[in-house]
Amino acid sequence: MSAAITEKVNTASSGFRLGDLLVKYGFLVIIVCFFVFFSANANAFLSAGNLVNILEGNAILLILALGMTLVVASGGIDLSVGVALDFGAAFAMVALKEYGVSWQVAILVAVVGGTLIGLLNAVLIVHLKVSPFLATLGTFFIGSSIERIYTDGGGPISFRRVAVEYRNLAVGNIGGIPTEIIIAFTVFVLYYLFLERSIFGKRIHAIGLQKSAALVSGINVNRYLFYTFLVASGTCAIGGVILSANLRQFTPLAGYSYLLDSIGAVFIGASMHPRMRPNVPGTLIGVLFLGMVANGLNLMGLDFNLKAALSGIILVCALAISVLQQKLRKKS
C-alpha cells in the first residue's frame, strides 16, 4: 500500500515537473521545432550566409521592437513606431540632400525627427490624459499625412550621393560583421542595461505593473512616461537611419510594415518571462523567431500571398500560445 502511494506521488511530481517545464519553455520548444522543420525542408537554411542574412534582415525590426518593449513595459502601446522610423529617414535624407550636412549631423537630425513623434505622444498621453492606444493611433495618422503631404502624395526622396560612411551604416561591415548587426546589437545591449538593470528600468516596470502603487511609492509617473515615449521614438529613428542608408532614399509609410511584427515580437518575448513581462532578451528571441519563419517560408519558394497568410497564422498562433502559457502559469 505504501509503495503504491509513493509511486502515485512520484508520478504526480513528475507530471507537475513536466507541466512546469512546458509552461516555462513551451515556446522555446516551438522555436526549436520550426528550426528543425526549416532545416529539413528549406535548402541552404542552415548555411552560415543565410543565418547571417536572418540577423541582418531583422536588425531594423529588432531596433523598433526594443522601442516597443520599453513602451509596453510601462503599461502602454505605441502604434506610431513606424512613423518615428519614417521621420528619422526623412529628416536624414532632407538634411543630406537639401542642406548638405555631414553624415554625423544627419544622424543627429534623424534622431531629433523621430523624437518629435515621441514628444507628441508624450504630450497627448501625459498632459492631455489620452489613452496610449488612441494617442499613438492619432499620431500615426497625423505623421502619415505629413509624409504624404511633404512628398506630394507619397513619392520617395532619393539622394544617391550620400557619404560612403553613411551608406556603410547599412551595407558596410566591421571585422567581417555587417554594420547593421553591430548597430542593432549595440542598441540591444544598451536597452538591456537600461530597462533590465537600471533604476529607471525598474521604475518603468513598476509603473507598468501597477501605476497606482508606483505613485504611492513616490515615483514621478508622468515624468517617467514622458521620457519613455521620447526614448522609444528616438530609438525607432535609428532604424530609419539604417533603412535610408540602405535604400539611399526615404519612402513614405515604409515604417508601417514593421508595426505588427514589432508588437508580436514583444508579446512573444513576454510569454517566456516568468511573470509574463516585456523584456529585452525575450524581444530578441521574438524577433529572431519571426525572422526565421519569414526566411524559411521564403526559401521554401512559397507563393507570396500564401507566405503572407502563413506568417500571419503563425504569428496569431504564437500569441495565442503566449496567452495560454500565462493562464497555465496562474494555475500552477
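Q: If a residue is called buried when its relative accessible area is under 20%, exposed when over 50% and partly exposed in between (1.4 Å probe, protein chains only), how does Leu297 count, buried or exposed?
A: Leu297 counts as buried, because its relative accessibility is 5%. This is a predicted model, in which local features need pLDDT of at least 70 and side-chain atom pairs count only at pLDDT 80 or more, whereas totals for chains, interfaces and linings use all residues. Residues are numbered from 1 along each chain as its sequence is written, and side-chain values use heavy atoms, with hydrogens and water left out.

Q: Where does Leu297 lie, and which residues does Leu297 touch?
A: Helices are DSSP runs of H or I with at least four residues, strands are runs of E with at least two, and both are numbered from the N terminus; Leu297 belongs to helix α13, which covers residues 280-299. A contact requires heavy atoms within 4.5 Å, and, once residues up to four places away in sequence are set aside, Leu297 touches Phe38, Leu302, Lys307, Leu310 and Ser311. For Ser311, which is 14 residues from Leu297 in sequence, the C-alpha to C-alpha distance is 8.3 Å.

Q: What can be said of Asn295, and is Asn295 buried or exposed?
A: Asn295 is also found in helix α13, and its relative accessibility of 14% is why Asn295 counts as buried. Apart from neighbours within four places in sequence, Asn295 is in contact with Phe45, Asn50 and Ile54.

Q: What surrounds Ala106?
A: Ala106 sits in helix α5, residues 103-127, and is buried, with a relative accessible area of 0%. Not counting residues up to four places away in sequence, Ala106 touches Ala92, Leu96, Val101 and Tyr166; the C-alpha atoms of Ala106 and Ala92 are separated by 4.8 Å, although these two residues lie 14 residues apart along the chain.

Q: How are helices α8 and α11 placed relative to each other, and which residues meet?
A: Axes are lines fitted to C-alpha atoms, for helices over the stretch in contact, with angles from 0 to 180 degrees between N-to-C directions. The axes of α8 (residues 179-196) and α11 (residues 221-247) come within 11 Å and cross at roughly 170°, which means that α8 is roughly antiparallel to α11; angles over 145 degrees count as roughly antiparallel, under 35 as roughly parallel, 65 to 115 as roughly perpendicular and the rest as oblique. On the α8 side the residues are Glu180, Ile183, Val187, Tyr191 and Phe194, and they meet Val231, Ala232, Thr235, Ile238 and Ile242 in α11. The residues of this contact divide into 8 nonpolar, 1 polar and 1 charged, where Ala, Val, Leu, Ile, Met, Phe, Trp, Tyr, Cys and Pro are nonpolar, Asp, Glu, Lys and Arg are charged, and the others, Gly among them, are polar.

Q: How do α8 and α13 cross?
A: Their axes come within 9 Å and cross at roughly 140°. Phe188, Tyr191, Tyr192, Leu195 and Glu196 of α8 make the contact with Val280, Pro281 and Leu284 of α13, a group of 7 nonpolar, no polar and 1 charged residues.

Q: How many disulfides does a search of the whole structure find?
A: A disulfide is a pair of cysteine sulfur atoms within 2.5 Å, and the search finds 0 of them. As for individual cysteines, Cys33 counts as partly exposed at 48% relative accessibility, whereas Cys236 counts as buried at 0%.

Q: How many helices and strands does the protein have, and what share of its residues is buried?
A: The secondary structure comes to 14 helices and 4 strands, and buried residues make up 45% of the 332 residues.
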